[in-house]
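Have the model open as you read.

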Amino acid sequence: MCDDAVLRCTDHAGVRTLTLNRPHHKNAIDAELWSALQDVLRATATDLDVRAVVLTGAGGEFCSGADISTPDNTHPTYRMRALTEVALALHELPMPTVAKVRGVAVGAGWNLALGCDFVVATPQARFAQIFARRGLSPDLGGTWLLPKIAGLQQAKRLALLGETIDGAQARELNLVTWLCDDAEIDAFVDDLAARLAAGPPVALAQTKALLNEGADRSLREALAGEARAQGINFATADAPEAFAAFAEKRPPRFTGRWTVTRPPIRRTDRPDKESRTDA
């Protein structure tokens, strides 16, 4: 996978780790990094070798948000397109995603973490929806993510006041999935990502999509979606493998392999001209 100067990408045992790599700017995201993120996330979505994604930052910081230190005369409408594409690409990745947060996760940086399926942070991590303090409103999906995860009142508190909270406070608001000491967070995320990568890829993708969609669906729509997803799941080798592994008292080996085979095409000899009859 690519190893861009501003975005390091490494693959190991089905886990792709994306590291924001602008440590001298606390990994603030400039135009180059927005573009790199968009390209890598799009490529990852169709890479069958990737079973889980970890998103983190270099230099002991996660991300201090969008880089506003460099003047940019581009119309905001065009600049926001890059953010929109990154937010959608991350949200729509079929494989599970984990944000590993040390240091600051501020503004768009925090919303980038919230766009992942899980957030693992240290107690010392610092989170802020800093937009109001910059005369702005939240972006990168923050106004959609915060109320769904923390509830409307807490979302308003964080967005309107722009206050900074630590990892423990974020965990109390369900904005962090797990807290880990700094010395333990790497091993914890490695184990979590390995367990996710070992899961049934098609079933996990279906489950993730159903949960994401379910927040805006009626019960009837959710049930219909679940029925369609199970049909897809039963067409893979993973469900029979799980049943066999249970019977044989061993761990299952999930591949996501499609088991529906196309019947062979039966060819018939075309009659030659002499054997044809006129109508």
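## Salt bridges and the domain interface

At 44% relative accessibility, Asp191 is partly exposed, a class that lies between buried (under 20% relative accessible area) and exposed (over 50%), computed with a 1.4 Å probe on protein chains only. The model is predicted, so local features need pLDDT of at least 70 and side-chain atom pairs count only at pLDDT 80 or more, while totals for chains, interfaces and linings use all residues. Residues are numbered from 1 along each chain as its sequence is written, and side-chain values use heavy atoms, leaving out hydrogens and water.

Asp191 has a charged partner, Arg195, in a salt bridge; the term means a side-chain nitrogen of Lys or Arg within 4 Å of a carboxyl oxygen of Asp or Glu. Both residues lie in helix α7, four residues apart, about one turn of the helix. Helices (H or I, at least four residues) and strands (E, at least two) are DSSP runs, numbered from the N terminus.

A search of the whole structure finds 15 salt bridges, among them these:

| Pair | N to O distance |
|---|---|
| Arg195 and Asp191 | 3.2 Å |
| Lys100 and Asp186 | 2.9 Å |
| Asp117 and Lys208 | 3.0 Å |
| Arg250 and Glu248 | 2.6 Å |

Lys100 is buried at 12% relative accessible area, whereas Asp186 is partly exposed at 34%. These two residues also belong to a salt-bridge network with Arg102 and Asp182.

Now to the domains. An automatic or database assignment gives domain 1 (7-197) and domain 2 (199-248), with C-alpha centres 27 Å apart. How much area do domain 1 and domain 2 bury between them? The answer is about 750 Å², 43% of it on carbon and sulfur atoms; buried area is the accessible area (1.4 Å probe) that two parts lose on being put together, summed over both. Arg51, His91 and Pro94 supply 43% of the area that domain 1 buries against domain 2, more than any other three residues.

In terms of contact (heavy atoms within 4.5 Å), 14 residues of domain 1 meet eight residues of domain 2. Two salt bridges are counted between the domains.
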